[in-house]
Amino acid sequence: MGQTTAEKIFAAHLRDEPFPGTKVLDLDRVLCHEITTPVAIADLESRGKDRVYDNTKIKAVIDHVTPSKDSKTALQAKMLRDWARRHEIKDFFDIGHNGVCHALFPEKGYIRPGFTAIMGDSHTCTHGAFGAFAAGVGTTDLEVGILKGVCAFREPKSIRINLTGSLAKGVYAKDVILYVIGQLGVNGATDRVIEFHGPVVESMSMDARMTLCNMAIEAGGTSGICQPDMVTVDYLWPFIESEFVSKQAALEEYSRWCADSDADYDKILDFDVSELVPHVTYGYKPDCVKPIDEMVGTKIDQVYIGTCTNGRIEDLRQAAEVLKGRKIAVSLRGIVSPATPKIFQEALSEGLIQIFMDAGFCVTNPTCGACLGMSNGVLAEGEACASTSNRNFNGRMGKGGMVHLMSPSTAAATAITGVITDARAL
Amino acid sequence: MKKTFGGPAIILDRSDINTDEIIPAKYLTEVTKEALKPYCLEDLKLEGFDPNGKTLKNARVVVSRENFGCGSSREHAPWVFEVNEIYTVIAESYARIFRQNMFNCGMLAIELSKADINTLIALGKETTGDLDVQVKLQEQQVIASANGREESFSFEISPFDKALVEAGGWVEYADARY
């Protein structure tokens, strides 16, 4: 019997199996941000164990509320900053260099095929786009990861999703994943890894694959995983050039993490996405999704483009393509937050920032901010936001607010008219 | 620190209760667990539920439906229960990270079948007084009593999760072993 990608990664990282079914894995990456790490740091200090297992494998960023908005968030930032300095964590990103963790860390080349990674953040599943096993964990798991470099998991079974056909113009990875979550339900992949396969994924860029994997958790999935291929190698090449004689050699090495054709899956689902249209959420769960035509005309107070789901350069290009030469509705506020400084600079040099500003958008620095109702665009009671983020929970972007999840393209079209709009019809 | 598992239960009769409802993100700027105490279940969308009510204040056990604790990885969700002395959640199923966080803190996330949860919730709804729920970890049994009626349910717990609870949490367990 062959193995899934997750099974191969588990076998290669197994440190201990204290009980049948419980696998303690060695970690290649322990990723940290300022919201969930400070409590772990404080606890380690109080136990007299203020140590790190390997300061080259730990990466840290201040991203959720940055620049700090008040004394409390300033303290969280300070705790992470002081800790990173104390332990000489070289890859620590502060103001001027910081961005949304799940966009920043991949961009720095930290995630490779076959890696294990944890972070105190549920959207860590994003990094599975590189053929890695990447899981969100709580602060205690993070703390043990920092101290010992291990994390315990029940070995997850995998759900294989084959995406066939080809996406129509104006339909994007976000629409695919919203549709898939609608099919699976919010707990359809609990304790499972979602492995994405098929020609649609193969033709996707790394940015689009990260959008797919980012929302695996919204179906309950432990990690999303894409198969490493030449697209993966091309993306990583600047970081791995010295390790391989050629891209072909890198591809051969990374291919060993690809699932075997006779691997055993919990479930195999085939979706032909050729007829797929843009999708939008309603209600307070990410599986409440509808085709766009059923949502058109819904009044919106704010459009938010950014986040670890859709704040990458391709996302900004999609939105700018719709916005070019147009103005946003006077009834509505538009906010765009490029996910990292590099993306911000690319958007500047490509003229995208100009397009956003000409249209009437407010451009913010890279931060998680409004996605979780922290800063930079919190909603008032009764307001509705068209957002490119990943969660529409009650109160997520502000108490009493409603969030409609959608692609950057749909969000941009919505900004122009003030109501949910199909970009293809503009 | 070892914990005792049992006491008056509060029933949250809904599936997919997420961590944003258990503890809204705006409180994640706190750096101590104790500071979370007043905000338990503040944004829960559930008819008849009052986050400031006596039932929640007195509760030591939470009873709920499917996929409890979905959403964010924030351990602030188990912590806000912990600082309110709620060390036990009983539900039909859990989101993975929430369940692991509970055991990692040395607390219990017990799974019962839909039929058992139905019985437990019915018992709680028909009583005018408290629904008392006691957990016997060694026997893997939940004993619920109300109005002089008693029901017992057996549950499964993985040996690893049990070891975590007995060790007082994952840090203690891992530190002794790795």
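This is a predicted model: local features need pLDDT of at least 70, side-chain atom pairs count only at pLDDT 80 or more; totals for chains, interfaces and linings use all residues.

Reader: Are helix 12 and helix 14 of chain A parallel or oblique to each other?

Author: Their axes come within 9 Å and cross at roughly 45°. Because of that angle, helix 12 of chain A is, relative to helix 14 of chain A, oblique.

Reader: How many charged residues does the contact of helix 12 with helix 14 of chain A have?

Author: Helix 12 of chain A brings A:Leu316, A:Arg317, A:Ala320 and A:Leu323, while helix 14 of chain A brings A:Leu352, A:Ile355, A:Phe356 and A:Ala359. Seven of the contact residues are nonpolar and none is polar, and the number that are charged is one.

Reader: Which crossing does helix 2 of chain A make as it passes helix 5 of chain A?

Author: The axes of helix 2 (residues 37–46) and helix 5 (residues 139–148) of chain A come within 9 Å, crossing at roughly 60°. That makes helix 2 of chain A oblique to helix 5 of chain A. The crossing is right-handed.

Reader: How many nonpolar residues are in the contact of helix 2 with helix 5 of chain A?

Author: Among those meeting are A:Val39 and A:Leu44 in helix 2 of chain A, and A:Leu142 and A:Ile146 in helix 5 of chain A. The contact also has two polar and two charged residues, and its nonpolar residues number six.

Conventions:
Residues are numbered from 1 along each chain as its sequence is written. Chains are lettered from A and ligands numbered from 1 in the order in which they are written. Axes are lines fitted to C-alpha atoms, for helices over the stretch in contact, and angles run from 0 to 180 degrees between N-to-C directions. Helices (H or I, at least four residues) and strands (E, at least two) are DSSP runs, numbered from the N terminus. Angles under 35 degrees count as roughly parallel, over 145 as roughly antiparallel, 65 to 115 as roughly perpendicular and the rest as oblique. Two residues are in contact if their C-beta atoms, placed from the backbone, lie within 7 Å. Ala, Val, Leu, Ile, Met, Phe, Trp, Tyr, Cys and Pro count as nonpolar, Asp, Glu, Lys and Arg as charged, and the others, Gly among them, as polar. A crossing is left-handed if the near helix is turned anticlockwise from the far one by less than a right angle, and right-handed if clockwise.
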